[in-house]
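Please keep the sequence and the model at hand while reading.

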Amino acid sequence: MSSAALKNSLWSVPLVVAALGYFVDIYDLLLFGIVRVQSLQSLHLSEAQVTTEGMRIISYQMYGLLLGGILWGVLGDKKGRLSVLFGSIVLYSVANIFNGFVQTSDAYAWCRFIAGIGLAGELGAGITLVSELVSKEQRGIATSLVAGIGLSGAVVAYFISQSFDWRICYFIGGGLGLSLLFLRIRVYESGLYKKTQESTAVKGNFFMFFNNAHRFKTYMKAILIGLPTWYVIGILISFSNVFAKQMGIEEVVQPGKAIMYAYAAISIGDMLIGFVSQYFKSRKKAMWLFYAITVFAMLLFFALPIQHASGMYAVCALLGFGTGFWAIFVTMAAEQFGTNLRATAATTIPNMVRGSLPLMLLLFSFLQQHTNYFNAAIFTGVIVMLLSATALYFMKETFARDLDFIEV
């Protein structure tokens, strides 16, 4: 397909491959949350250890994402978007296969750390590539389709976990990733990136985000606006079984099923928000709308007298839909920065958000020392939403922005 034809077409090989890559990425990223209880119980951990070790292992995975975000982002700008798409998937696929053999929680944590490093590269490189290949008028819709299709990987992970042992689930994830490598052979590099390679501009220098006051503020705002997603997923939904007990729900609430319902709704939200952004001709207005839905869902979560597991799953689905702004959030990150730093920004920023989950868990744990489990989650949520809303208010609008520029 010619570059002119590609810019007039939403569906192309790079977009489809980016969507499928993110599908596998999300499958592997959320698999631990889905099989957390059964996998840790099979390692003979107590009920209390399942919770504490679960927090530790998910924190290891997030630390890996934080480190990997920097690694793959820099490589994406220095060596090309495709180098990241190939390298990251090999690393996390192999790590997931090894994850299927672990016998201790320590080995489990290190496998998730290594997988996290690999998983960090997928979304940012894919969104950057698609953003630079599709016309600026269709960019938001294209990246929303990538994220919407990709996020359904969590739904598939849940249903596979219902049919296979948790170890087999990790083997399947690794196999899916390695299979995807064959599709990537047909993907070609971004023209904007090739153009930048011919220039003398500094490429992929992570420290450039910190050596300029304006760029640093933009970078921090881009991170902060994504925090509600991982507060919702990493705390409210991942530990929905614990919240259910606090609420007095007698039925067993399965975190894996809660994640499945949430991500099914997130997938719908992420596909819809691209069209909402197109309708408003604004990224920020679309974000404000989905923030409002998220806050409303949080109020229901904490205020409704939920009595049954089905009610918990319904609220988790609404929470998921509200946080279905991940695609636009990452697109905004890519649009804020020049081509020589774009992959670094689009890859590090979402992984900085993911990497912030351990900090949110620390805040959550600290607040529990001064109040109960329920109130600690409320206070954590209030702090997260205030930070994110403030950052979004001061964020620069990027709808239909021309991406043919560099950072100096």
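## The second largest cavity

The second largest cavity holds about 60 Å³ of space, in what is a predicted model. Its lining is made up of Tyr 22, Ile 26, Leu 151, Thr 229, Trp 230, Tyr 263, Ile 266, Thr 323, Trp 326 and Arg 354, a set that divides into seven nonpolar residues, two polar and one charged. At least two of the lining residues of this second cavity come from each of H2, H12 and helix H14 (255-280).

## The largest cavity

The structure holds two cavities of 30 Å³ or more, and the largest of them has a volume of about 110 Å³. Sixteen residues line the largest cavity, and the closest to its centre are Phe 32, Gly 33, Ile 58, Gly 234 and Ser 238.

Which helices each supply at least two residues of this lining? They are H2, H3 and helix H12 (227-237), and H2 gives the most, with five residues. By residue class, the lining of the largest cavity divides into ten nonpolar, five polar and one charged.

In soluble globular proteins, nonpolar side chains tend to be buried together. In this model the largest nonpolar core has 133 residues, and those with the most contacts inside it are Tyr 108, Trp 230, Tyr 231, Leu 236, Phe 243, Tyr 263 and Met 312. Helix H2 (residues 13-42) contributes the largest share of this core, 14 residues. Trp 230 and Tyr 263, both listed among the residues with the most contacts inside the core, also belong to the lining of the second largest cavity.

Phe 243, another of these residues, can be followed through its partners: once its neighbours within four places in sequence are left aside, Phe 243 is in contact with Ile 235, Leu 236, Phe 301, Met 312, Phe 364, Tyr 373, Phe 374 and Ala 377. Of these partners, Leu 236 and Met 312 are themselves listed among the residues with the most contacts inside the core.

Is Met 62 buried or exposed? Met 62 lies in helix H3 (residues 47-78), and it counts as buried because its relative accessibility is 0%, where the cut-off for a buried residue is under 20%.

Leaving aside neighbours within four places in sequence, the contacts of Met 62 are Trp 230, Arg 354, Gly 355, Leu 357 and Pro 358. The C-alpha atoms of Met 62 and Thr 331, which are 269 residues apart along the chain, are separated by 21 Å.

Conventions. Residues numbered from 1 in each chain as written. Predicted model: local features only at pLDDT ≥ 70, side-chain atom pairs only at ≥ 80, totals over all residues. Heavy atoms only, no water. Core = buried A, V, L, I, M, F, W, Y, C linked by side-chain atoms within 4.5 Å. Buried < 20%, exposed > 50% of the residue type's maximum accessible area, 1.4 Å probe, protein only. Helix = DSSP H or I, 4+ residues; strand = E, 2+ residues; numbered from the N terminus. Contact = heavy atoms within 4.5 Å. 1 Å grid on protein atoms, 1.4 Å probe; cavity = no way out; pocket = protein on both sides within 12 Å on 5 of 7 lines; lining within 4 Å. Points joined across faces, edges and corners; volume = space filled by probe spheres on them. Nonpolar A, V, L, I, M, F, W, Y, C, P; charged D, E, K, R; others polar.
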